[in-house]
Structure formats: structure tokens, C-alpha cells
Amino acid sequence: WHITASGLNLETETCGEEGNMLGKRCKRRTLLLKTLYKLVDIGSDSLGLKLAKIILELKVSGKNLLNVCKLVFKISRNEKNDSLIQNDKILDSLLEVLRVEDLQINNEAFLYCMGAIKFISGNAGLLNEMVSKGAVEMLLQLMKQINKINENDTRFSSLGHLLVQLTATLRNLVDLPQSRCELLCSNAVSELCVVLEQRVNDKDICTNVARIFSKLSSFNDCCAALADCSRCYVLFLALLNKYQKKQDLVVRIIFVLGNLTAKNNQAREQIFKEEGSVNSLISLFQTYYEIDLNVEKWKHEGESKTSKHPTEAEDVLIKLIRVIANLSIHPSIGAELAANHHIVTLLITVLEYKAIDECEELVINATATVNNFSYYQVKNSVIQEKKLPIAELLLNLLMSSNMDGILEAVRVFGNLSQHQEICDFIIQRKVYKFMIALLDAKHQNVCFAACGVLLNLTVDKTHRPILQEGGGIQKLIDCLRDFGPTDWQLACLVCKTLWNYSENISSAGSCFAEDDANTLLVLLTSFLDEEFALNYSFDKDLKDYHRAYWETEFKPVAQKLLNRIQSLHALLEPLVITSF
């Protein structure tokens with residue numbers, strides 16, 4: 001062998017048969033190794049990698065294996081060496097160590113080898129290469145070996161350091177679709193839960209596994225697999241209790257719980273039925289509310305600058321409240337949560353001390369959760385008990401310039417306005433003027449929510465004249481025209497509101513202006529024509545849903561309203577109905 005300007009070359013006849021065949025059968029192996037290790041002292045990373053590859057191909061063991069793994073670990077720590085690592089294909093040699101060497105004998109060498117692989121996995125350009133070389137399957141097999149060693153074994157503690165590197169590498173690998181597919185097929189979710197169970201006292205390992213799950217749970221198929229792993233819920237709750245003030249771990253676990261409960265009723269039930277689950281969430285809420293309150297005090301005292309990004313405490317609260325909101329979608333769980341004084345009080349407190357321009361997502365999440373709770377009209381509902389203070393707080397959101405916040409506030413008013421006290425509040429505080437103005441928002445969801453409040457108000461005949469203010473009738477008709485054929489629920493709400501408004505009115509003039517009446521006659525006649533009304537392109541499932549709602553909900557009330565308007569105009573000159 002000799003050194004050239006381009007690097008290290010080996011004369012093949014010195015080292016083996018049939019070209020560059022290295023290994024324990026290599027002639028003059030001992031001499032070669034001594035010389036290679038002397039060259040390591042030169043201190044060149046480029047040369048060091050070439051030397052390491054040759055040494056690993058010589059199938060070294062014991063201290064020789066440990067030392068060469070340390071060398072690669074040291075070189076791989078420097079991101080500037082990523083191109084060298086890629087060119088010299090050292091990854092193949094490292095993976096071969098994990099594949100063929102004995103973990104029990106080479107525990108420390110495995111640690112440095114795994115650490116080097118972890119650093120390499122930090123380069124997005126090398127991830128695909130790792131996956132194509134079977135890294136995911138190899139790491140899972142290694143993890144299973146480690147999981148078989150119980151905590152009474154003397155190796156248990158030292159293997160924990162190896163697991164830290166291994167789980168950190170897996171976290172980097174799960175960014176790739178192919179890796180996630182392999183993890184699902186290999187039942188990795190269950191094996192990772194074993195890691196959490198056995199290593200609950202190792203915060204670093206738990207954090208890495210939580211990072212893996214937070215990424216996996218962002219994808220539907222992976223999230224479903226995790227939701228089906230029944231023991232994950234008790235593990236997550238145990239970690240929340242144990243590491244309550246470790247924000248980096250807590251925030252990831254509650255992010256996972258938020259994903260699990262977003263669309264899965266079974267997951268909601270699983271979490272809720274775990275002993276002490278609600279108390280754990282309340283305790284977490286209280287802890288991070290107090291931390292955030294202290295941060296707020298520092299801000300007001302000028303010791304902290306306001307940031308557009310959520311603080312660590314706010315980030316936990318945002319994700320925690322999302323979990324509570326998701327749980328409340330389940331009918332029986334939602335009713336119980338709405339009756340929980342601690343949770344409702346904490347939500348109200350957030351709305352009291354936090355302005356929407358300070359942390360938009362936190363305020364919106366808290367308001368959305370109050371909205372979910374307000375849906376449940378149960379006797380022991382704390383929301384119903386505190387509905388007037390809540391209504392006062394919602395005024396702040398209505399007067400903000402944040403449309404998402406306004407929408408959530410209006411939705412809460414939509415549920416609360418089923419109660420006479422809130423209807424009176426809306427009238428007395430002129431909140432109805434906001435609702436009428438919002439009909440002009442040109443946002444379907446906003447119009448729907450505002451119309452719902454107006455519908456509830458017009459149940460009381462003394463409140464019906466408010467629709468004559470601010471062009472209310474005209475704006476309702478505009479909503480019907482603009483959104484009717486694409487949203488029969490909104491169209492139905494508009495018709496019900498106009499039906500309430502026009503009840504017990506005997507003359508057309510005192511009910512609708514002539515132009516409004518003409519427009520309504522044209523719109524309702526058109527929308528009651530099945531061919532016209534359903535002539536919009538939706539996918540099949542959505543089209544069937546729209547047809548069903550049009551037939552069962554919109555059509556009956558629209559027909560009644562049309563008949564009423566026609567009867568009110570019976571004594572007037574016939575109206576010419578043209579196509580609309």
C-alpha cells in the first residue's frame with residue numbers, strides 16, 4: 001500500500017485474493033493494522049475515514065473495533081465532513097458492524113458506532129441512502145435485542161446510552177415515507193412502547209420516543225396504528241405525571257394525544273377511562289397556567305420582550321387545550337367535561353388574562369373548547385352556570401380584528417343564545433349589531449354562525465324587529481343568494497330566520513320591502529327546483545349528503561316561506577318570476 005496525493009491506495013495482492021478482499025484471512029494483517037493505526041495520528045479527517053473503512057473491512061474486534069468506531073464518531077460530529085462520509089461510503093461499514101458484531105461483547109463499540117450513524121442521519125441527503133441500505137430494519141432488530149435485557153441485568157444502564165443514540169436516529173429517519181412504512185410493517189409502535197415502559201426513568205430516551213411518535217402521529221395510517229396500541233395511553237399519562245415540568249417532553253406527548261383524539265372516538269374513550277387521566281390534564285393545565293402567568297408579569301415589568309411566537313408555557317397550553325377540545329367531541333365525555341369546575345374555570349381564566357394579540361392560537365383554542373362545552377345542554381354544566389361572565393369575555397373577541405377569534409366567539413354565542421338571559425344580553429349590549437354586520441363578511445362559516453345567533457334571537461317575537469336594523473333582511477337574502485346552492489345548511493338557517501321574522505305579520509308591506517320580496521320569490525322558486533338546486537359538482541359522497549340535506553331540511557322550510565310570501569302578496573299585482 002502507499003499514500004498518494006489523492007489519498008490512500010492498497011495494493012490488492014498484499015491484502016487478499018481476487019482484488020481488494022479484506023478480512024481476518026488477509027495476509028500480513030497484524031502489520032497492516034499497526035501501520036494503519038499509526039497513520040491515524042496524522043489527524044486528517046479525510047485520511048481518517050479512509051483508514052477507518054479499511055480497518056473495519058479487516059473485521060477487527062475488541063479494542064481495535066472500539067477505537068475505530070471512536071474515530072468515525074469523532075469525524076462524523078463535524079457537519080463539514082458529511083461529503084467525505086458520503087464519498088467514502090463509510091455508512092456501509094458502520095451498518096455492517098451493527099449487523100454482524102455481538103452486542104453483548106461490543107457494547108461500547110456499538111455506542112460509538114450508533115452515535116456516528118446518528119450524526120450521519122442528521123444530513124437529509126444521506127437519509128435515503130440509509131433507508132435503502134436497510135437501516136430501519138437493522139435499528140429495530142437492535143432495539144428488540146436491547147428490550148429483552150431486563151433492568152436487573154448489569155448491562156441495562158449502559159445500553160440506555162445506546163438507546164438514546166438509536167432512538168435519535170429513528171426520529172431522523174421517520175421523516176421519510178419509506179421509513180414510516182417499514183416501521184408500520186415491523187410493529188415498531190409496540191416495540192417503542194416497550195422502550196417507554198422499560199426506560200421511563202430515562203428522560204432522554206423518553207423524549208426521543210415522544211419525538212418519533214409526534215412525527216408518526218401526524219400521518220393518518222401511523223396515527224391509527226398508535227391509537228390501536230392500547231397501552232400507549234397509560235404510558236403517556238405516566239410520563240406527563242412524572243415529567244410535568246419538562247416542557248420539551250410534555251409538549252410532544254400532548255401533541256401526540258391531540259393527534260390521537262382528533263378524529264378517533266375510541267382514542268378519546270381510551271384516554272378518558274384511564275384512571276386519573278382528567279386530574280392529570282387539570283394538574284398540567286394549572287402548572288403551565290401559573291408558569292405563563294409569571295411570564296406575563298415579567299413582560300409587564302419590562303424584563304421580557306414580547307414575541308410573536310408562543311412561549312414554552314403557551315405552547316404547552318395550546319396543545320393541552322386542543323386535547324381537551326378533542327375529548328369533548330365525544331358526547332358523554334363532552335358532557336362530563338362541561339360539568340368539570342376546574343377545567344371550565346381554567347379556560348375562563350385564560351380568556352381573562354390573555355389577549356388575542358398576545359397569543360392568538362391559545363385564545364382561539366380556549367374559545368373553541370368553551371364552544372364545544374356549550375353545545376352540551378346539561379343541568380350541571382358549568383358553562384351554563386357561568387354563561388353571563390363568558391358572554392362578557394366574548395365581547396373582547398368580537399371587537400378584535402382577528403376573524404378566527406371573532407368566528408369562535410360567535411359560535412359560542414350561537415350555543416348560549418338558546419338561553420333567554422343571553423338573548424337579553426345580546427339585545428341590551430347591542431351584540432346583535434355585530435351579528436348583522438358579520439353577514440356581510442363573505443365568509444361562509446362566519447355567516448353561518450352569525451345567522452345561527454339571529455335565528456335564536458328571533459324565536460322571541462319582541463326581538464324580531466332588530467332584523468330591520470343595519471339592512472339585516474337584505475343581508476340575509478344576500479347570504480341565501482351567495483351561499484345557498486353550495487351550503488343548504490346555511491340556506492336553511494336563513495329561511496328559518498326569515499320564517500320567524502315574518503310570523504304573525506298580516507301585510508306584505510310591514511314584512512318585506514317589495515324588492516326584497518321579489519328577490520326572495522325568485523331565489524326560493526329557483527332553489528326549490530331540484531334540477532337547478534342540485535346542479536353543482538361535488539364528489540359522490542358530498543353530492544349525496546347535499547341532496548339529503550336539501551330534501552329533508554331546506555326544502556320543507558323554504559317551501560313554507562315561499563308560500564307565506566306568496567300569500568302576503570296575494571292582493572298585490574302578480575309578480576313576474578324570471579329565471580335567476
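Buried means under 20% relative accessible area, exposed means over 50%, and partly exposed lies in between (1.4 Å probe, protein chains only). The model is predicted, with local features needing pLDDT of at least 70 and side-chain atom pairs counting only at pLDDT 80 or more, while totals for chains, interfaces and linings use all residues. Residues are numbered from 1 along each chain as its sequence is written, and side-chain values use heavy atoms, leaving out hydrogens and water.

**Exercise 1.** Work out whether Ala 267 is buried or exposed, and find what it touches.

*Solution.* 
- Start with the place: Ala 267 sits in helix 17, residues 265-273 (helices are DSSP runs of H or I, at least four residues, numbered from the N terminus).
- Now the area: Ala 267 has a relative accessible area of 1%, so it counts as buried.
- Finally the contacts (heavy atoms within 4.5 Å): leaving out residues up to four places away in sequence, Ala 267 touches Tyr 233, Leu 260 and Thr 261.

**Exercise 2.** Check the pLDDT of the chain.

*Solution.* 
- pLDDT is the predictor's confidence in each residue, from 0 to 100.
- The chain averages 88, and 89% of the residues score at least 70.
- Residues 1-8 fall below 50, though this stretch has 21 contacts beyond near neighbours in sequence in the model.

Conventions:
Helix = DSSP H or I, 4+ residues; strand = E, 2+ residues; numbered from the N terminus.
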